[in-house]
Amino acid sequence: MKDTFTLLAYANKKIEELDTRRQKITKAIADLSVETISQQQIDLLSGYLDDWENISFEDKRKATDGLISSISATSEYVKIEWKI
């Protein structure tokens, strides 16, 4: 019983450490994303997304170019790599 408690305590400690590390990495990625996209680009993309149904095909293409790095597709899956 004591061994089980010790093992669970150890596992919980490691989970907390990994979660803390994940949160730090997620914040760093978000900070990098914010730094690489100008406020003007964010405003432009927001405008396109807010009025998606009414914008031209060319504007939709510009918006997706600003958001997506690449798209890979097979008969089994679609993989999208986002810029943000």
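## Contacts along the chain

In this predicted model, 9% of the contacts in the protein with a separation of 6 or more are between residues 24 or more positions apart, where contact means heavy atoms within 4.5 Å. Local features need pLDDT of at least 70, side-chain atom pairs count only at pLDDT 80 or more, and totals for chains, interfaces and linings use all residues. Residues are numbered from 1 along each chain as its sequence is written, and side-chain values use heavy atoms, with hydrogens and water left out.

## Elements and overall form

The protein has three helices and two strands, in the order α-α-α-β-β from the N terminus; helices (H or I, at least four residues) and strands (E, at least two) are DSSP runs, numbered from the N terminus. The protein is more spread out than a compact globule, because its radius of gyration is 21 Å, well over the 12 Å that the globule rule gives for 84 residues. That radius is taken over C-alpha atoms, and the rule is 2.2 Å times the number of residues to the power 0.38. Along its principal axes, the C-alpha trace spans about 65 × 35 × 20 Å.

## The strand pair

Strand β1 (residues 68–73) and strand β2 (residues 78–82) run antiparallel and are joined by five bridges, two strands being paired if DSSP finds at least two bridges between them. The two form a hairpin with four residues between them, and Ser70 stands opposite Glu81 in β2.

## Burial

Of the 84 residues in the protein, 10% are buried, meaning under 20% relative accessible area (1.4 Å probe, protein chains only).

Note on methods: Buried < 20%, exposed > 50% of the residue type's maximum accessible area, 1.4 Å probe, protein only.
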